[in-house]
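Thanks for coming. Please look at the structure while I talk.

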Amino acid sequence: MSEARIDHMTYLPDMENIGSEIQDKVIAAMESYDPEKYTAEDVRTALEKDVITPEDYGALLSPAATPLMEEIAQRAQAETRKHFGNSIQLFTPLYIANYCENYCIYCGFNCHNKIHRAKLDYSEIEKEMQAISSTGLEEVLILTGESRKMSDVEYIGEACRIAKKYFKVTGLEVYPMNTDEYRYLHECGADYVTVFQETYNSDKYETLHLAGHKRIFPYRFNAQERAIRGGMRGVGFAALLGLSDFRKDAFATGIHAYLIQQKYPHADIAFSCPRLRPIINNDKINPKDVHETQLLQVMCAYRIFMPFASLTISTRECARFRDNSIKIAATKISAGVDVGIGGHGDNERKGDEQFEISDGRNVKEVYDAIKAQGLQPVMSEYIYL
Amino acid sequence: MEKDKLIIGGHEFDSRFILGSGKYSLDLIKAAVENAGAQIITLALRRANSDVDNILDYIPKGVTLLPNTSGARNAEEAVRIARLSRELGCGDFVKIEIMRDSKYLLPENYETIKATEILAKEGFVVMPYMYPDLNVARDLKNAGAATIMPLGAPIGTNKGIVTKEFIKILIEEIDLPIIVDAGIGKPSHACEAMEMGAAAVMANTAIATAGDIPAMAEAFKKAIEAGRTAYLSGMGRVRDRASASSPLTGFLRD
């Protein structure tokens, strides 16, 4: 690498700094979290409690809890049904551009990866949305690579305005931005913002995110808080499991969401549970020690710790795992997924995918699979206010 | 016994069971309504806003819709949802739910009073969900509420009427139907509310999470009828202690 690495903990000019109160608490909690110290007894005690404390949450994520997965799943299922009934929300992601200025070594979109880059123009976005809408979906998640230059805030805003014509709910998974920019996108029709912190271990983070805005750890960390301040209704959290110690990362993710909920009690809270996937030009990437059992453990721990939070299961996972996870903990599932640029409507695929997906079922197939389990697919439960 | 009617905003109902609809599969709604004998069903308007599998298509004809404003975080949002509900043809009943807390979903009493005042003036039959506070209940009545819907326990907890003493005060003091909402976890809780003199009971999670939803709906129906009959019959006193025959005042007769 010829480029000099900048300090990943120092804000760049134009990055709004809202302070680090929550970040300091999350990092401190994660550093003092020792997954090895818990016993099966601690886990059982936690499961018997009505209200789960952060300490109990740590026990549920520990290796000692893994052999108790059946009991954990039972409790998670009870919480899910109590708070969400039988409802399972459906949505699909729409990638409108894959230009990226970041160099994240595990991501297919990284700026040094030689892939086909593309950006949909407004009429192409509209065609894609029409095609998605015709499948019956009413919620869309707009994604871009992280390039402010190629996908500026106005471009994303226009995509939100188009989305408003076709969908009841619009979410965003784009680069972190300032409060006033979130406010603008909310006015354009977006209401949910998800930002993956990837890993909460800032030393590890530094070695994975070598260049670009994303390298600035605290700016990314505080994105959800800025989004809420900008008027967004809900925010999503995730660590990309497998990048670092997944138990510590999951613990930090939960504590992050917990503290945001305490500070902004009106905000809707959501979790995603991505594991590492192979990417174009690097098929060796694997989620190390995060097997399906561990992934389910993390999902159940999120559910039991914050039973009211929405929990999305990714197409990174296979149909069997996804269909079972909605019985237990997940409340939201994507369908008809394409993680490349273009390809939903008559548009030809213009740009390559971010990662490999494992569940290529269309909306009808996922809908039927939900019904077959006695659950209720829900396209939208939402009014934009 | 004379015909015992529940009257809300000038509308008469024979059933005192208000069924929630938000948590179960749509194909089960009809059976649940029928077995519950329910004449009023609540639905989140945000759920009736969908073009695919719209809940409105599953609710039997003749049942009164009680759209709620869940999702509203203040009076203004609740008012907008209520107006939208009327535009969508969901009628004039509205249950006001205003929450500023995604964790416990506790009602925001202050904003609820404001929304009640606006919507009652617009001719809605306003049924506010509230935290049982006598002063708030009086304000809601003055604002034009048709009923008061105090919570028994936080939504979805199935813990029963943990706010019992406060709901009793509302029943005693407020000259409107008091409908116990939220927290009712089993038929015996519903029965208890009715024995206390509640005008009706609303339940959702308790039925939605039952193994056999239509059967549980029926169990609730019976419990509510039993509780109502007991209340109307004038229950005998239940005493905690055995009573001695005049050990302290017997001397007055000496």
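α2(B) and α3(B) are oblique to each other, because their axes cross at roughly 40 degrees, and an angle must be under 35 degrees to count as roughly parallel. Keep in mind that this is a predicted model. The two axes come within 8 Å, and the crossing is right-handed. On the α2(B) side, which covers residues 75–87, the contact uses Ala75(B), Ala78(B), Val79(B) and Ala82(B). They meet Glu111(B), Lys114(B), Ala115(B), Ile118(B) and Leu119(B) in α3(B). Sorted by class, this contact has seven nonpolar residues, two charged ones and no polar ones.

Now a second pair of helices in chain B. How do the axes of α6(B) and α8(B) cross? α6(B) covers residues 187–196 and α8(B) covers residues 213–233. Their axes come within 7 Å and cross at roughly 25 degrees. That angle makes α6(B) roughly parallel to α8(B). The crossing is right-handed here as well. From α6(B), the residues in the contact include Pro187(B), Ala190(B), Cys191(B) and Met194(B). From α8(B), they include Phe220(B), Ala223(B), Ile224(B) and Tyr231(B). By class, the residues of this contact are twelve nonpolar, two polar and three charged.

Next, one helix by itself, α4(B), residues 134–143. Which of its residues are buried? They are Val136(B), Ala137(B) and Leu140(B). Viewed down the helix axis, these buried residues fall within an arc of 100 degrees, so they line one face of α4(B). What do the buried residues of α4(B) pack against? Their partners, again in chain B, are α3 (109–121), β7 (125–130) and α5 (164–173). The face of α4(B) turned away from the buried side carries Asn135(B) and Asn142(B), which are exposed. After the helix comes Gly144(B), with a positive phi near 110 degrees.

That brings me to phi. As a rule, most residues other than glycine have a negative phi. Leu105(B) is not a glycine, yet its phi is positive, near 55 degrees. Leu105(B) sits in the loop between β6 (93–96) and α3 of chain B. Is Leu105(B) buried or partly exposed? With 18 other C-beta atoms within 10 Å, Leu105(B) is partly exposed, because a buried residue needs 20 or more. In chain A, Asp14(A) also has a positive phi, about 75 degrees, without being a glycine. Asp14(A) belongs to the segment before α1 (21–32) of chain A. It has 8 C-beta neighbours inside 10 Å and therefore counts as exposed.

Last, the two chains together. How many residues of chain B are in contact with chain A? There are 28 of them, in contact with 25 residues of chain A. On the chain B side, the elements that give two or more residues are α2 and α7 (205–208). The largest share, four residues, comes from α2(B). By class, the side of chain B that touches chain A has eight nonpolar, nine polar and eleven charged residues. That is where I stop.

Definitions and conventions: Residues are numbered from 1 along each chain as its sequence is written. Chains are lettered from A and ligands numbered from 1 in the order in which they are written. This is a predicted model: local features need pLDDT of at least 70, side-chain atom pairs count only at pLDDT 80 or more; totals for chains, interfaces and linings use all residues. A residue is buried if 20 or more other C-beta atoms lie within 10 Å of its own, exposed if 12 or fewer, and partly exposed in between; C-beta atoms are placed from the backbone. The arc is that of the directions from the helix axis to the C-beta atoms. Two residues are in contact if their C-beta atoms, placed from the backbone, lie within 7 Å. Axes are lines fitted to C-alpha atoms, for helices over the stretch in contact, and angles run from 0 to 180 degrees between N-to-C directions. Angles under 35 degrees count as roughly parallel, over 145 as roughly antiparallel, 65 to 115 as roughly perpendicular and the rest as oblique. A crossing is left-handed if the near helix is turned anticlockwise from the far one by less than a right angle, and right-handed if clockwise. Ala, Val, Leu, Ile, Met, Phe, Trp, Tyr, Cys and Pro count as nonpolar, Asp, Glu, Lys and Arg as charged, and the others, Gly among them, as polar.
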